[in-house]
Amino acid sequence: MDNEELVLLAGATGYLGTYIAKELSERSMKTKIIARNTKKAMQFANNNTTVINAEVTNTNTLKGLFEGITTVISTVGITRQKDGLTYMDVDYQANKNLLEEAKRAGVKKFIYVSVLNGKQHRNLKIIEAKEAFVDELIASGIDYSIIRPNGFFSDMKDFLDMAKKGKVYLFGSGKKKINPIHGKDLAIACVDSIHVSNEEINIGGPDILTQNEVAELALLASGKPINIIHIPHWIRKSILKILRTFTSSKTYGPLEFFLTLMAEDAIAPRYGSHRLVTFFQNEIDVLKK
C-alpha cells in the first residue's frame with residue numbers, strides 16, 4: 001500500500017520534480033525531499049513531506065538520509081553545464097551517489113528518469129552520462145523503473161518563443177513526429193511505477209504531431225499568421241560539426257542534443273490527458289495578465 005511507502009525524492013525543484021512532489025503530496029505519501037535550495041523546495045513541505053538540505057554531488061550530505069526509505073525517485077540531471085559541474089558529475093555521478101546510499105540503507109526501489117531512445121544516442125554528451133547511470137542501476141540488484149519520456153511540454157516553449165516573434169524555424173521538411181508529455185501526466189506515471197518491477201517505460205503524451213503541426217499550434221496560440229521557415233539538413237549538420245570542433249561540451253552539449261533529436265521521429269506510447277494546444281494557450285494567457 002502507498003501509505004506504507006516512504007519515498008525520497010531528488011530533483012524536486014526542477015520542472016518534472018515539481019510535479020512529482022505535488023503528486024506524492026496529493027496521494028498523501030510520506031516523502032523526504034532532498035534539495036540544495038531548501039527555500040525553493042519548502043513549498044512542498046506538509047504533514048507528510050519533509051524537506052532536507054543536501055547536495056547530491058556531495059556524498060557526505062547524504063549519509064543517514066536513506067534510513068527507512070522504501071523508494072527513491074530521481075529526476076536529477078542538467079541540460080546546461082554550469083557551476084563547474086559536468087554532465088558526468090551530475091547525471092551520472094550524483095545519481096550514483098544516491099544509488100550507493102540507497103543500497104547501503106536497503107532501499108527496495110529506485111526510479112530514474114532518463115530519455116527516450118537513450119541507448120541509441122549514447123554519443124551525445126547529455127545522454128552519455130544518463131545512460132552510464134542506467135547501466136549502474138540495472139546492474140545494482142535494486143528493483144528499478146527507468147522512465148523514458150520524449151519531449152516535455154516545457155521543451156516546446158522553444159516553438160512558442162519563436163512563434164511570438166512571427167516565424168518558426170525548422171530543420172528539414174518538418175514532417176518528423178513527436179508526442180511530448182506534460183509534467184503532471186509524467187509525474188503520475190513515475191509515482192505509479194513504484195509498483196512496477198524492473199522495467200524501462202517509454203512514454204509520451206496523447207497527441208502525435210509533426211513538427212509543422214507543433215509550429216502551427218504555437219503560431220495560432222500567439223495570434224500570428226502561419227510562417228514556418230524550413231532550413232536544409234546540411235546546414236544543421238554543418239552547425240553540429242562546427243560546434244563540436246570549436247566549442248567545449250559546455251556550449252555544444254545542449255545544442256548537440258537539440259539539433260540531433262530535431263532530425264528524427266520521437267514517438268512513444270501515448271499516455272495522459274494534457275494537450276499541447278491547451279498548454280500553449282495557457283502560456284500565452286499568462287503573458288497577457
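Author: The model is a predicted one. The elements that cover the buried residues of α6 include α1 (15–26), β5, β6 and β9 (199–203).

Reader: How many of the 10 residues of helix α6 are buried?

Author: A residue counts as buried when its relative accessible area is under 20%. In α6 this applies to Gly-183, Asp-185, Leu-186, Ala-187, Ala-189, Cys-190 and Val-191. Helix α6 (residues 183–192) is therefore largely enclosed by the rest of the structure, the buried count being seven of the 10.

Reader: Which element gives the most residues to the largest nonpolar core?

Author: This core has 31 residues, and Ile-34, Phe-66, Val-72, Leu-98, Phe-110 and Leu-137 touch the most other members. Two or more residues each come from β1 (6–10), α3 (87–105), β5 (109–113), α4 (125–139) and β6 (143–149). With seven residues, the element that gives the most is α3.

Reader: How many residues does the other core have?

Author: That core lies apart from the largest one, and its members include Val-7, Leu-24, Ile-33 and Ala-189. Of these, Ala-189 is also one of the buried residues of α6. The number of residues in this other core is 26.

Reader: Is Asn-179 buried or exposed?

Author: Asn-179 is located in the loop between β8 (177–178) and α6. Beyond its neighbours within four places in sequence, its contacts include Gly-204, Gly-205, Asp-207, Ile-208 and Ala-266. Because its relative accessibility is 0%, Asn-179 counts as buried.

Reader: What is the C-alpha separation of Leu-276 and Asn-179?

Author: Leu-276 belongs to helix α10 (residues 276–288), and at 2% relative accessibility Leu-276 counts as buried. Along the chain, Leu-276 and Asn-179 are 97 residues apart. Between their C-alpha atoms the distance is 9.0 Å.

Reader: What is the corresponding distance in space between Asn-179 and Ala-139?

Author: Asn-179 and Ala-139 are 40 residues apart in sequence. From C-alpha to C-alpha, their distance in space is 30 Å.

Reader: How many nonpolar residues does the lining of the largest cavity have?

Author: Rolling a probe the size of a water molecule over the atoms shows where empty space is left. The count comes to one cavity of 30 Å³ or more, and the largest cavity has a volume of about 30 Å³. Its lining consists of Phe-153, Pro-180, Pro-206, Asp-207, Leu-209, His-274 and Leu-276. One of these residues is polar and one is charged, while the number of nonpolar residues is five.

Reader: Which backbone oxygen lies 2.8 Å from a polar atom of the side chain of Gln-211?

Author: Gln-211 is placed in helix α7 (residues 211–221), and its relative accessible area of 5% means that Gln-211 is buried. Leaving aside neighbours within four places in sequence, Gln-211 is in contact with residues including Phe-159, Leu-170, Lys-176 and Met-262. The backbone oxygen at 2.8 Å from its side chain belongs to Met-262.

Definitions and conventions
Residues are numbered from 1 along each chain as its sequence is written. This is a predicted model: local features need pLDDT of at least 70, side-chain atom pairs count only at pLDDT 80 or more; totals for chains, interfaces and linings use all residues. Side-chain values use heavy atoms; hydrogens and water are left out. Helices (H or I, at least four residues) and strands (E, at least two) are DSSP runs, numbered from the N terminus. Buried means under 20% relative accessible area, exposed over 50%, partly exposed in between (1.4 Å probe, protein chains only). A polar contact is a pair of N or O atoms within 3.5 Å; within protein, one must be able to donate a hydrogen and the other to accept it, and residues adjacent in sequence count only if both atoms are side-chain atoms. Contact means heavy atoms within 4.5 Å. On a 1 Å grid over the protein atoms alone, a cavity is a set of points where a 1.4 Å probe fits but cannot get out, and a pocket is an open set with protein on both sides within 12 Å along at least five of seven lines; lining residues have an atom within 4 Å of a point. Grid points are joined across faces, edges and corners, and a volume is the space filled by probe spheres set on the points. Ala, Val, Leu, Ile, Met, Phe, Trp, Tyr, Cys and Pro count as nonpolar, Asp, Glu, Lys and Arg as charged, and the others, Gly among them, as polar. A nonpolar core is a set of buried Ala, Val, Leu, Ile, Met, Phe, Trp, Tyr and Cys residues joined through side-chain atoms within 4.5 Å.
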